[in-house]
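Here is a short briefing on one protein chain. Keep the sequence and the 3D view open as you read.

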Amino acid sequence: CHVEEKGVCTKVVDGDTIYLDNGEKIRFVGVNTPERGVEGYIVSKNFVQKLCLNKEVGIDVDDSKHNDKYGRTLGVVIVDGRNVNEMLLKEGLAEIMYMPPSEFYPFDWANSNTHVAESHSSSSSSSHAPTSTHSTSSSSSADYIGNANTGKFHESSCSSVKDMSEG
């Protein structure tokens, strides 16, 4: 990723949308975070606020698709040389949302061990990474469900499990 635009983040709408001081609305490409009222919304928004709010951010605009259907600029947000889109994925605060055409490929971010991804991501809404996984504990016969949004494991009988996305 390389910085094509710079601006000060003046508002964080949610975990994947910010405003810059020039009024431009930026949609984090290649990732999707929970919307208002959905579990994980506050955590992802707070994460982005802590990194971006009232700070200068760089934007690597998606050259394959500059704007989404709402007129937001699609791009990778870069703070202190770090790819914030990738950080959201690695922290389990976002799901991959790859929608070609796109200059970026977010599956590389989810599998890489670097702070800044080499290239490829996207935006809007299509293919999503899993939000929960099912596994069996090695120390007992109880089933556990992992929630990728919160990073918590629940017993399969827990009432929270019914609220999790099967995907």
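**Strand E6 and its partners**

E5 and E6 pair in the antiparallel sense, over four bridges. Within that pairing, Val61 has Gly75 of E6 as its bridge partner. Keep in mind that the model is predicted.

- E3 also joins E6, through three bridges, and these two strands run parallel.
- Phe28 has Gly75 in E6 as its bridge partner.
- E7 is joined to E6 by two bridges, and the two run antiparallel.
- In that pairing, Val79 stands opposite Arg82 of E7.
- E6 and E7 make a hairpin with two residues between them.
- E6 is mostly covered, with seven of its seven residues buried.

**Overall picture**

- The protein has three helices and twelve strands.
- Its chain holds 167 residues, and 46% of them count as buried.
- The accessible surface is about 8700 Å², and carbon and sulfur atoms hold 48% of it.
- Among contacts with a separation of 6 or more, 56% are between residues 24 or more positions apart.

**The nonpolar core**

- The largest nonpolar core has 30 residues.
- Those with the most contacts inside this core are Ile18, Phe28, Cys52, Val57, Val77 and Leu88.
- At least two core residues come from each of strand E1 (5-14), strand E2 (17-20), strand E3 (25-28), H1, E5, E6, helix H2 (84-90) and E8.
- E6 gives the most to this core, with five residues.
- In soluble globular proteins, nonpolar side chains tend to be buried together.
- What does Cys52 touch, leaving aside residues up to four places away in sequence? The list is Cys9, Val57, Val77, Val79 and Val84.

**Helix H1**

- H1 covers residues 41-52.
- At 1.5 Å a residue, its twelve residues should span 16 Å, and the end C-alpha atoms are 16 Å apart, which agrees.
- Which residues of H1 are buried? They are Tyr41, Ser44, Lys45, Phe47, Val48, Leu51 and Cys52.
- An α-helix has 3.6 residues a turn, so residues three or four places apart point the same way.

- Strand E8 takes in residues 95-98.
- Glu95 and Met97 point one way from E8, while Ile96 and Tyr98 point the other way.
- Buried or exposed? All four of these E8 residues are buried.
- In a regular strand the side chains alternate between the two faces of the sheet.
- Strand E4 (residues 31-32) is joined to E8 by two bridges, and the strands run antiparallel.
- Asn32 has Glu95 in E8 as its bridge partner.
- Pro101 lies in the loop between E8 and helix H3 (106-111).
- The peptide bond from Pro100 to Pro101 is cis, with omega near 0°.

- Asn54 is not a glycine, yet its phi is positive, at about 65°.
- Asn54 sits in the loop between H1 and strand E5 (56-61).
- Its relative accessible area is 60%, so Asn54 is exposed, the cut-off being over 50%.
- Asp80 is not a glycine either, and has a positive phi of about 50°.
- Asp80 is in the loop between strand E6 (73-79) and strand E7 (82-83), and it is in the turn of the E6 and E7 hairpin.
- At 69% relative accessibility, Asp80 counts as exposed.

- Arg82 lies in strand E7.
- With 27% relative accessibility, Arg82 counts as partly exposed.
- Arg82 and Gly58 are 24 residues apart in sequence, and their C-alpha atoms are 9.7 Å apart in space.
- Asn111 is in helix H3.
- Asn111 is exposed, with a relative accessible area of 66%.
- Asn111 and Lys90 are 21 residues apart in sequence, and 8.7 Å apart in space from C-alpha to C-alpha.

Terms used. Residues are numbered from 1 along each chain as its sequence is written. This is a predicted model: local features need pLDDT of at least 70, side-chain atom pairs count only at pLDDT 80 or more; totals for chains, interfaces and linings use all residues. Side-chain values use heavy atoms; hydrogens and water are left out. Buried means under 20% relative accessible area, exposed over 50%, partly exposed in between (1.4 Å probe, protein chains only). Contact means heavy atoms within 4.5 Å. Accessible areas come from the Shrake-Rupley method with a 1.4 Å probe; for residues, only the protein chains shown count as cover. Two strands pair if DSSP finds at least two bridges between them. The expected span of a helix is 1.5 Å times one less than its number of residues. A nonpolar core is a set of buried Ala, Val, Leu, Ile, Met, Phe, Trp, Tyr and Cys residues joined through side-chain atoms within 4.5 Å.
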